Structure formats: C-alpha cells, structure tokens
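Please take a moment with the sequence and the model before reading on. The paragraphs below are meant for a reader who meets this structure for the first time.

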Amino acid sequence: MGLIQRAIEAEDIPTISISLNRMITEKVKPPRALLVAFPLGHPMGNPFDKDLQRGILLAGLKYLEAIKEAGTIVDLTMKYRIKGRKCTLCEVEAGR
Amino acid sequence: MSIKVLKDRIVAKLFTRFPGLLELWAKSREFVINVETPWALFSKDLSESRVALVTTAGVHLRTQPPYDMVDKEGDPTFREIPSHTPPTDLMITHNYYDHKDADQDINVVFPMERLRELEIEGTIAGIAPKHFSFMGHILGHHIETLINRTGPEVAKMLEADGVDAVFMTPA
C-alpha cells in the first residue's frame, strides 16, 4: 500500500495510512503512517465498533495536519490495540 | 475450490490468529526499499477539505469483476468505488487475509460510513465522489505496473476529483 500512497503524494495530494507492521512501513517509507496493534485484516479495529473506527479515522486526519516531516510513523500501538476480541485502552479515548 | 485457494485461505486465517507471523513474514521477504519519500504539505483546514479513501483490502462492487486470485503475483488493477455506495453493494475478493470480520462490517477495512459521518457533522467539507480499492498482494512484475501505471492513474483521478487528502487502509 505504501507504493500507492507514494504515487498519490507525488501528485501533490497529502496522504496518511494505517500500518499494521513497522518493519514493512520503514522499508517502503510512505509520507505519513499510523501504527496500530491490530491483526491483519483489521486496520480499523473490530466490526461494528463505531467508536474505535471513528477514533482511528479522526487520529489519522489529526496527524495528517500535525506531521510535518516526510516518512513519519506515529506509534499508536499503546492507544489502539485489540487483545482477544476486545479493544483495550480505547476506553480512555472514548471517555468511558 | 482449488488447492491454491484453500492453502491461501488457511494461511490467511493463521496470520490473523497469530499476529507474530506477520513479523516473521516481513523479515523473510524482500520489499521495495525507498530512501526518499514524496511530500505534499497539508495546509488546508479539515473543515474545508474533500477527503477520499484508498484501500488495498480487495474491496469492490458486487457488479465489478473480482481481483485475480489465480496469478501468484497478485493483481495490480484497481476498482472505483462511488462514495455513496451502500455497504451491502460491496464485497471483498482477497484470499491472502482473513476478511470474515470485514465481510460483516466493511468499515473494518474501508471506513466509508465513518467518513460520511464526519462529513455530516462538518468535521470535513466533503467526501470525494469516488474512493479506490486495490488488492494488496502485489509481487514480481506487477510491482512495476503498480508503481508506474495503476498507482499514478489513481493519483491523477483523485486530483481530477479535487481531493485534498487521502486516508489509506491496508488489508
């Protein structure tokens, strides 16, 4: 996905992507990435967990504005992670 | 179901069940290694921005041709997803990850409904007329096609649609 992201950014359109693996993202070097601790197939978290999905999307848009250096990977693994079938630590984000 | 399809699906389930396998796989594989990174400054306010989604999760309309699951090197083509498509009109063709959860709720890989909510509440100015999807299992000679042809094609279509920012999701 990083290769497509680089092509879009090269067209002068700002991009941010979700990363599920730091090693791959560091090699491909997309302009901006958010690292989350979710398993493959779950970049936005659990099905029907609207709060979690919204939180990740908003984080992405926020960091699109905040990141000022190409190749930055923001580590959200302590904030957004799925353990078993439950999202942990996201309760803090949702204010519950 | 062919032996290849069966094998791919079993491996995909193992990767989802045991996330550590992704780390081992990443160590064992060669990736395109880039030294420099393209950069476009995001200088608009979000509330004035038109946002598009691009995913590599193998999403497509039920009426569109599925991605090629026979070619071992993957499929570098893309599908346009009109942004107001009902989720029930979408499906996933991708045997290299377990999309059981995403089949139930497409927002797990392609947060189109969450983005629409941000448009309705005014957090963003609007959604692009179309989003785009690829099938992110691209190997061998298809990598060049992706870098030199289909990736730039999508970039130009996003630009033509007046897109200010793109949120991207892998499988």
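What follows goes from the contact between the chains to individual elements and then to single residues.

This is a predicted model, in which local features need pLDDT of at least 70 and side-chain atom pairs count only at pLDDT 80 or more, while totals for chains, interfaces and linings use all residues. Residues are numbered from 1 along each chain as its sequence is written, and chains are lettered from A and ligands numbered from 1 in the order in which they are written.

The contact between the two chains takes 43 residues from chain A and 52 residues from chain B, where two residues are in contact if their C-beta atoms, placed from the backbone, lie within 7 Å. On the side of chain A that touches chain B, at least two residues each are supplied by α1 (2-10), β1 (15-19), α2 (22-28) and α3 (50-66) of chain A; helices here are DSSP runs of H or I with at least four residues and strands are runs of E with at least two, numbered from the N terminus. The largest share of that side, eight residues, comes from α1(A). By class, the residues of the side of chain A that touches chain B divide into 25 nonpolar, ten polar and eight charged, with Ala, Val, Leu, Ile, Met, Phe, Trp, Tyr, Cys and Pro counted as nonpolar, Asp, Glu, Lys and Arg as charged, and the others, Gly among them, as polar.

Within this contact, α1(A) packs against helix α5 (residues 142-160) of chain B at an angle of about 50 degrees, with the axes 8 Å apart; the axes are lines fitted to C-alpha atoms, for helices over the stretch in contact, and angles run from 0 to 180 degrees between N-to-C directions. The two helices, α1(A) and α5(B), are therefore oblique to each other, since angles under 35 degrees count as roughly parallel, over 145 as roughly antiparallel, 65 to 115 as roughly perpendicular and the rest as oblique. The residues that meet are L3(A), I4(A), A7(A), I8(A) and A10(A) on α1(A), and L146(B), I147(B), G151(B), P152(B), V154(B), A155(B) and L158(B) on α5(B). This contact of α1(A) with α5(B) has eleven nonpolar residues, one polar residue and no charged residues.

How much of α1(A) is buried? Eight of its nine residues are buried, so α1(A) is largely enclosed by the rest of the structure; a residue is buried if 20 or more other C-beta atoms lie within 10 Å of its own, exposed if 12 or fewer, and partly exposed in between, with C-beta atoms placed from the backbone. The buried residues of α1(A) pack against β1 and α2 of chain A, together with β1, β6, α5 and β7 of chain B. After α1(A) comes D12(A), whose phi is positive, near 75 degrees.

Strands also link the chains: three bridges join β1(A) to strand β7 (residues 165-169) of chain B, and these two strands run parallel, where strands pair if DSSP finds at least two bridges between them. One bridge partner in β7(B) is M168(B), which belongs to S17(A).

Inside chain B, four of the five residues of strand β6 (residues 130-134) are buried, so β6(B) is largely enclosed by the rest of the structure. Strand β1 (residues 50-55) of chain B runs parallel to β6(B) and is joined to it by two bridges, with T55(B) opposite S133(B). Strand β3 (residues 78-82) of chain B, by contrast, runs antiparallel to β6(B) through five bridges, and P82(B) stands opposite K130(B).

Some single residues complete the picture. Most residues other than glycine have a negative phi. K29(A), not a glycine, has a positive phi of about 55 degrees; K29(A) lies in the loop between α2 and β2 (32-35) of chain A and is buried, with 20 other C-beta atoms within 10 Å. F48(A) has a positive phi near 65 degrees, and lies in the loop between β2 and α3 of chain A, where F48(A) is exposed, with 12 other C-beta atoms within 10 Å.

In chain B, N107(B) is in the loop between α3 (100-104) and α4 (112-121) and is buried, with 24 other C-beta atoms within 10 Å. Leaving aside neighbours within four places in sequence, N107(B) is in contact with M44(A), Q53(A), M112(B), E113(B) and R114(B).
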